[in-house]
Amino acid sequence: MIATREIMRPHAMTGTKAPQRAFSSRHYLKLVEETGKVGFWSADLRSERLDASLGLYRILGLDPGSEVTFGFGLDMIHPEDRAVHGDQIAVLRSGQPISREFRIIRPDRTQRCVLHRAEVILGEDGSPSHGMGVVFDVTAQHDAMNSLLQRHDRLNALIAATAAVFWVNKANGEPSEMPQWMALTGQTHAQMQGLGWLDAVHPDDRARTHAAWLTAVEHTEPYNTDYRVLCADDIYRWFNARGAPVLNRDGSVREWVGVCLKVAGRSRYGAPPSVAAAPESPNAEELLTAGQIRAARGLTGLSKDELAASANVSVSTLNRLEDAESTVRPRSDTVLAVRRALEEAGVEFTFEPGKKPGVREA
């Protein structure tokens, strides 16, 4: 065994001429240690003192000129971890290897997370004689994992507070992980596969919902639509389903994630509550025709992309609005958003009795 102290010290010259090598094991170990994340030690297990490399001194936050003992190293273990990991020297002296991750508190009171791995070397009598180990500073990895778990917990808390269902679909749009959907609807995993999940959607909403989902998948666009769901208690309730694609680095879709949010202000059968319309709100029969939207875009000079951005809708939604033969019509609030965007751009829509709906400059 090469003592750890030899890692950082040149070998003494001897009378025997050794073969010349460009690099020695000391050079490689020194290069590894200079990352500041690795340190080594070796020791006679029958004593308390151990030989530590400069890298280990850096990790422990100690002066390289100080002496390190097993007892001192164990005292640096975080009090909350000491009960579990304070037996490491005893384990080594019994002949067992070590692989432990724990926290230490350095003399300057800073805290680090380390991974300690050690092996035992047996003496001529077969009993544990020497030990050698490597210590990795894994604080950055530990902090990154804690941060990831914290974000995950925050997301779960937000979903639990706002959404009835969180869902994950495959890249092709087919259901993947939807346990909350199964709990909401009573469907089994097999029943919701393919387009089976649509069986839980109200018959009057299925075609529109299916078209909206296919459009999102085909164009890799965010998904946002309302529909009624037959819940496990045999009552239809309104939900707003929205989702987005998760992309790989090459732009391909890895999966889809989304939520189903309860829609406030809808009755159990989906009819909006009876309220007086605001004076500035257009009447239901004045929600624009496909021809009016095309003409209004022509008058204002807005492209589909510009109008979609102004109304906060997708281009695919505008395509459906401008297609008079489309069997799938967007929601009323979507049409109203497009109407307001066009009116703000300088047009006025006309709905005169006995005449076709029209549009003119405001």
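Predicted model: local features only at pLDDT ≥ 70, side-chain atom pairs only at ≥ 80, totals over all residues.
## Aromatic pairs around W213

Across the whole structure, a search finds 6 aromatic pairs. One of them joins W167 and W213, whose ring centres lie 5.7 Å apart with the planes at 85°, so this pair is edge-to-face. The two residues come from distant parts of the chain, with W167 in strand β7 (residues 165-170) and W213 in helix α9 (residues 203-219), 46 residues apart.

W213 also pairs with Y223, and because the ring centres are 4.9 Å apart and the planes stand at 75°, this pair too is described as edge-to-face. Since W213 belongs to helix α9 and Y223 to strand β9 (residues 223-230), the contact ties together parts that are 10 residues apart in sequence. Taken as a group, W167, W213, Y223 and W256 are linked by ring pairs into a cluster.

In soluble globular proteins, nonpolar side chains tend to be buried together. The largest nonpolar core here has 24 residues, and W41, L50, F70 and L92 are those with the most contacts inside it. Two or more residues are given to this core by each of β1 (38-44), β2 (49-52), α2 (54-60), α5 (88-93), β4 (98-105) and β5 (111-122), and α2 gives the most, with 4 residues.

Another core, which lies apart from the largest one, has 22 residues, including V165, M178, W181 and W197.

Notes:
Residues numbered from 1 in each chain as written. Heavy atoms only, no water. Core = buried A, V, L, I, M, F, W, Y, C linked by side-chain atoms within 4.5 Å. Buried < 20%, exposed > 50% of the residue type's maximum accessible area, 1.4 Å probe, protein only. Phe/Tyr/Trp six-rings, centres within 6.5 Å; stacked < 30°, edge-to-face > 60°.
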